[in-house]
Amino acid sequence: MDKKNLDIAYFVSFCIEQYKNEKRLTGEEAMRQLDNYNALDYLCEHYETLHTQSRQWILEDIDEFINLRKGKQV
């Protein structure tokens, strides 16, 4: 794995862990929710911008991303 892909993998792993802790979910629950709304793809695709932001900003961005997807599914 090249350095950029490794950096992205570490970043996504960090985001999953932070999301899990913030929402008080198990790892499985967090992964299921993030995967259901394609948030993992979003984190990978927007790594260049997102990894420069604060933990709180990233979590708020994930929430906004998921809420927008929930709105489209209703």
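This is a predicted model: local features need pLDDT of at least 70, side-chain atom pairs count only at pLDDT 80 or more; totals for chains, interfaces and linings use all residues.

Visitor: Okay, and where is Tyr10 found?

Guide: Tyr10 is found in helix H1, the helix that covers residues 3-23. Together with Met1 and Leu6, Tyr10 also makes a nonpolar surface patch of about 390 Å².

Visitor: Stepping back, how many helices and strands are there in the protein chain?

Guide: The protein chain has 5 helices and 0 strands, and read from the N terminus on, its elements run α-α-α-α-α.

Visitor: What is the radius of gyration, and what would a compact globule have?

Guide: The protein chain has a radius of gyration of 12 Å, which agrees with the value near 11 Å for a compact globule, because that is what the rule gives for 74 residues. Taken along the principal axes, the C-alpha atoms fill a box of roughly 40 × 25 × 25 Å.

Visitor: And how much of it counts as buried?

Guide: Of the 74 residues, 30% count as buried. The chain exposes about 5,100 Å², and carbon and sulfur atoms supply 48% of that area.

Visitor: Now Gln18: buried or exposed?

Guide: Gln18 is buried, since its relative accessible area is 16%, and its place is also in helix H1. Its side chain makes a polar contact of 2.6 Å with the side chain of Arg55, and, again leaving aside neighbours within four places in sequence, Gln18 is in contact with Arg55 and Leu59.

Visitor: What forms a salt bridge with Arg55?

Guide: Glu22 does, with the closest N and O atoms being 3.0 Å apart. Glu22 lies in helix H1 and Arg55 in helix H5, so this pair ties together parts of the chain that are 33 residues apart in sequence. Both residues count as partly exposed, because the relative accessibility is 38% for Glu22 and 35% for Arg55.

Visitor: How many salt bridges does the count come to?

Guide: The count comes to 6 salt bridges. One of them joins the side chains of Glu48 and Lys4, at 3.4 Å from N to O, and this pair links distant parts of the chain, with Glu48 in helix H4 (residues 47-50) and Lys4 in helix H1, 44 residues apart. Glu48 is partly exposed at a relative accessible area of 48%, and Lys4 is partly exposed at 46%.

Visitor: And where do Glu28 and Arg32 lie?

Guide: Glu28 and Arg32 both lie in helix H2 (residues 27-36), 4 residues apart, which is about one turn of the helix. Their side chains meet in a salt bridge at 3.1 Å, N to O. Glu28 counts as exposed, because its relative accessibility is 58%, whereas Arg32 is partly exposed, with a relative accessible area of 43%.

Visitor: Changing topic, what is the place of Asp2?

Guide: Asp2 has its place in the segment before H1, and it is partly exposed, because its relative accessible area is 46%. A polar atom of the Asp2 side chain lies 2.8 Å from the backbone nitrogen of Asn5.

Visitor: Last one, what about Asn67, where is its place?

Guide: Asn67 is in helix H5, which covers residues 55-73, and it counts as partly exposed, because its relative accessibility is 48%. The C-alpha atoms of Asn67 and Glu29 are separated by 17 Å, and the two residues are 38 residues apart along the chain.

How values were computed:
Residues are numbered from 1 along each chain as its sequence is written. Side-chain values use heavy atoms; hydrogens and water are left out. Patches are made of residues with over 30% relative accessible area and no salt bridge: like charges are joined within 9 Å, nonpolar side chains (Val, Leu, Ile, Met, Phe, Trp, Tyr) within 5 Å. Accessible areas come from the Shrake-Rupley method with a 1.4 Å probe; for residues, only the protein chains shown count as cover. A salt bridge is a side-chain nitrogen of Lys or Arg within 4 Å of a carboxyl oxygen of Asp or Glu. Helices (H or I, at least four residues) and strands (E, at least two) are DSSP runs, numbered from the N terminus. Buried means under 20% relative accessible area, exposed over 50%, partly exposed in between (1.4 Å probe, protein chains only). A polar contact is a pair of N or O atoms within 3.5 Å; within protein, one must be able to donate a hydrogen and the other to accept it, and residues adjacent in sequence count only if both atoms are side-chain atoms. Contact means heavy atoms within 4.5 Å. The radius of gyration is taken over C-alpha atoms; the globule rule is 2.2 Å times the number of residues to the power 0.38.
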